[in-house]
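Subject: Structure handover

Hello,

Here is the structure I promised to pass on. Please open it and keep it on screen while you read my notes below.

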Amino acid sequence: MHLLGFDIGSSGIKASLLDASSGKEIAAATSPEEELDMDAPHPGWAEQDPQTWWEHVVRATTMVMESEAADPQAIKGIGIAYQMHGLVMVDEHQKVLRPAIIWCDGRAVEIGNKAFADIGREYCLTHYLNSPGNFTASKLRWVKENEPDQYARIHKVMLPGDFIAMKLTGTIRTSISGLSEGIFWDYQSHSIADRLLEYYGISPDLLPDYDPNFAISGELTPEAAVELGLEAGTPVGYRSGDQPNNALSLNVLNPGEAAATAGTSGVIYGITEEPLYDKHSRVNTFVHVNHDEGQSRYGVLLCINGTGILNSWLKNELFNGLHSYDKMNELAATVETGAEGVTVLPFGNGPERVLGQQPIGAQVKNLDFNRHAQAHIIRAAQEGIAFSLNYGLQVMRQMGLPIDTIRVGNGNMFLSPVFREAFTNTTGLSVELYDSSGALGAAIGAGIGTGVFENREEAFRGLTKTDTLYPDTGMQKLYNEAYDRWHDMLQKELEGE
């Protein structure tokens with residue numbers, strides 16, 4: 001039996017085919033080869049065409065199914081992971097009405113901040129565990145205010161993964177976890193966030209019905225099966241936002257466990273059984289994938305928008321494609337800790353929640369044209385990303401999350417020895433590296449949701465730890481000094497000095 005997982009990212013679509021009996025990946029593919037573009041019609045905006053995601057789902061599936069071991073009839077379930085907080089709108093014919101307003105788009109910040117004040121901070125934090133902020137509900141209100149003709153045509157609103165599930169099955173559904181990430185869920189009443197919707201003037205009829213994350217929510221239609229080269233009737237058994245799914249892929253399901261990733265954005269995601277919240281909403285709490293009536297599971301999510309996208313910008317814009325990522329990592333390693341004074345604030349990809357939505361932008365400080373070269377900028381960028389994650393980690397610790405060890409997939413920024421060293425020694429965390437991916441996690445989720453896996457041991461039998469990294473006392477001293485300089489510079493920016 002095989003399982004197929006998709007990871008619908010803002011930089012590309014990944015597909016993974018999993019052998020359920022061994023837990024090992026049979027084939028994997030990414031489409032496109034180059035990273036997807038984000039459209040920015042105005043400063044601070046970020047949009048993508050949902051149809052583009054579907055086109056690359058088709059391409060990635062075609063590539064995976066070219067594997068000799070691939071057999072459409074053997075696939076017993078499909079799972080979907082997706083970029084969180086996006087807004088997709090369709091009419092009654094399931095036609096997309098406008099480009100998706102994606103996770104790093106900042107146009108709805110003021111709308112969410114006003115709702116936070118008007119509804120009341122205490123009410124929002126106790127009922128939604130977050131400020132309405134720049135999340136999906138606030139983005140929908142922006143459409144209502146600024147594009148009333150399009151708003152009037154909406155049949156349903158969806159998250160990006162719900163859209164892909166719709167293309168697969170022809171049905172429009174979501175999950176409680178998905179509703180919570182859009183700030184459509186009331187944790188006190190365990191139902192739709194009616195008060196926020198009423199405040200925004202949004203009908204709850206625009207929201208899809210919901211299922212558990214692990215559940216058969218539909219079957220592959222004949223039309224989709226032809227496009228994908230799969231069997232009609234194959235069940236879709238799982239969907240989740242990319243960060244809860246990353247945690248699932250690493251078997252991070254219980255209180256005290258934590259996961260991290262450093263793709264386009266950087267995330268630390270810790271599990272708790274209590275509905276914790278940060279009173280300033282700098283980090284955010286959502287329903288985790290294995291939350292149900294029998295057990296409470298919440299994920300506290302720190303997100304730094306400007307992570308891998310900074311690395312990509314250096315590669316493609318500043319260096320004009322001159323260096324591969326491997327070469328950039330080699331160059332970074334030629335410079336000592338602290339990058340000889342060069343400091344990078346990596347906040348150039350939309351409003352950062354951990355900074356209270358202040359738009360300070362990305363910045364490079366202390367460049368000396370007589371001393372510094374490309375290697376210094378690369379090193380400072382990778383350190384700056386690690387420092388920003390540590391900055392947010394302190395908020396999570398203040399909330400009471402006991403994080404000592406963190407699990408990560410051996411990919412993206414964690415492929416860089418410099419970034420791994422900076423992250424481990426700045427945070428003081430032990431880091432366990434696993435051979436895993438978001439698409440593989442989605443395939444595992446499909447096996448749980450369809451009942452192919454009977455228990456947790458079966459689901460994660462193929463998960464392999466490749467290495468464990470520990471903080472080094474001597475290196476910690478150097479990184480703490482560099483972090484303190486970085487932190488002082490950040491504080492001056494936040495205070496307008």
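Start with helix α10. Its buried residues are Gln243, Pro244, Asn245, Asn246, Ala247, Leu248 and Ser249. After α10 comes asparagine 251, with a positive phi near 60°. Keep in mind throughout that this is a predicted model.

Histidine 190 has a phi near 55°, and it is not a glycine. Find histidine 190 in the loop between β10 (185-186) and β11 (191-192). Is histidine 190 buried or exposed? Histidine 190 is exposed, with a relative accessible area of 53%.

Now go to alanine 339. Its phi is near 50°, again positive in a residue other than glycine. Alanine 339 sits in the loop between α12 (325-332) and β19 (343-346). Alanine 339 is buried, because its relative accessible area is 0%.

Look at the peptide bonds too. The one from serine 31 to proline 32 is cis, and its omega is near -5°. Proline 32 belongs to the loop between β3 (24-31) and β4 (47-48).

**A buried histidine**

Histidine 127 is part of helix α3, residues 121-128. Its relative accessible area is 16%, so histidine 127 is buried. What does histidine 127 touch, leaving out residues up to four places away in sequence? It touches Trp185, Asp186, Tyr187 and Gln188.

**Rings and charges**

Searching the whole structure turns up 16 aromatic pairs. One of them joins tryptophan 53 and phenylalanine 163. This pair is edge-to-face. The ring centres are 6.4 Å apart, and the planes make an angle of 75°. Tryptophan 53 comes from helix α1 (residues 50-65) and phenylalanine 163 from helix α6 (residues 160-169), so the pair ties together parts 110 residues apart in sequence. Both tryptophan 53 and phenylalanine 163 are buried.

Next, pick out Phe347, Phe387, Tyr391, Tyr483 and Trp486. These residues form one aromatic cluster.

Select arginine 107 and tryptophan 142. The charged end of arginine 107 is over the ring of tryptophan 142, 4.6 Å from the ring centre. Then try lysine 315 and tyrosine 325. Here the charged end of lysine 315 sits over the tyrosine 325 ring, 5.2 Å from its centre.

**Empty space inside**

Rolling a probe the size of a water molecule over the atoms shows where empty space is left. How many cavities of 30 Å³ or more does the structure hold? There are 4.

The largest cavity holds about 80 Å³ of space. Its lining is made up of Gly338, Gly341, Val342, Thr343, Val344, Ala380, Glu383, Gly384, Phe387, Ala482, Arg485 and Trp486. At least two lining residues come from each of β19, α13 (374-399) and α17 (473-494). Which element gives the largest share? It is α13, with 4 residues. By class, this lining has 6 nonpolar, 4 polar and 2 charged residues.

The second largest cavity has a volume of about 60 Å³. Among its lining residues are Thr136, Met158, Asp162, Phe184 and Pro208. β8 (156-158) and α7 (176-181) each give at least two residues to this lining. The lining of the second largest cavity splits into 7 nonpolar, 3 polar and 1 charged.

**An open pocket**

Last, turn to the second largest pocket. Its volume is about 390 Å³. The lining of this pocket has 19 residues. Which of them lie nearest the centre of the pocket? They are Ile176, Val287, His291, Asp292 and Glu293. The whole lining divides into 8 nonpolar, 8 polar and 3 charged residues.

That is the handover. The file is yours now.

Best wishes

Notes: Residues are numbered from 1 along each chain as its sequence is written. This is a predicted model: local features need pLDDT of at least 70, side-chain atom pairs count only at pLDDT 80 or more; totals for chains, interfaces and linings use all residues. Side-chain values use heavy atoms; hydrogens and water are left out. Buried means under 20% relative accessible area, exposed over 50%, partly exposed in between (1.4 Å probe, protein chains only). Contact means heavy atoms within 4.5 Å. On a 1 Å grid over the protein atoms alone, a cavity is a set of points where a 1.4 Å probe fits but cannot get out, and a pocket is an open set with protein on both sides within 12 Å along at least five of seven lines; lining residues have an atom within 4 Å of a point. Grid points are joined across faces, edges and corners, and a volume is the space filled by probe spheres set on the points. Ala, Val, Leu, Ile, Met, Phe, Trp, Tyr, Cys and Pro count as nonpolar, Asp, Glu, Lys and Arg as charged, and the others, Gly among them, as polar. Rings of Phe, Tyr and Trp (its six-membered ring) pair if their centres lie within 6.5 Å; planes under 30 degrees apart count as stacked, over 60 as edge-to-face and the rest as tilted. A charge sits over a ring if NZ of Lys or CZ of Arg is within 6 Å of the ring centre and within 35 degrees of the ring normal.
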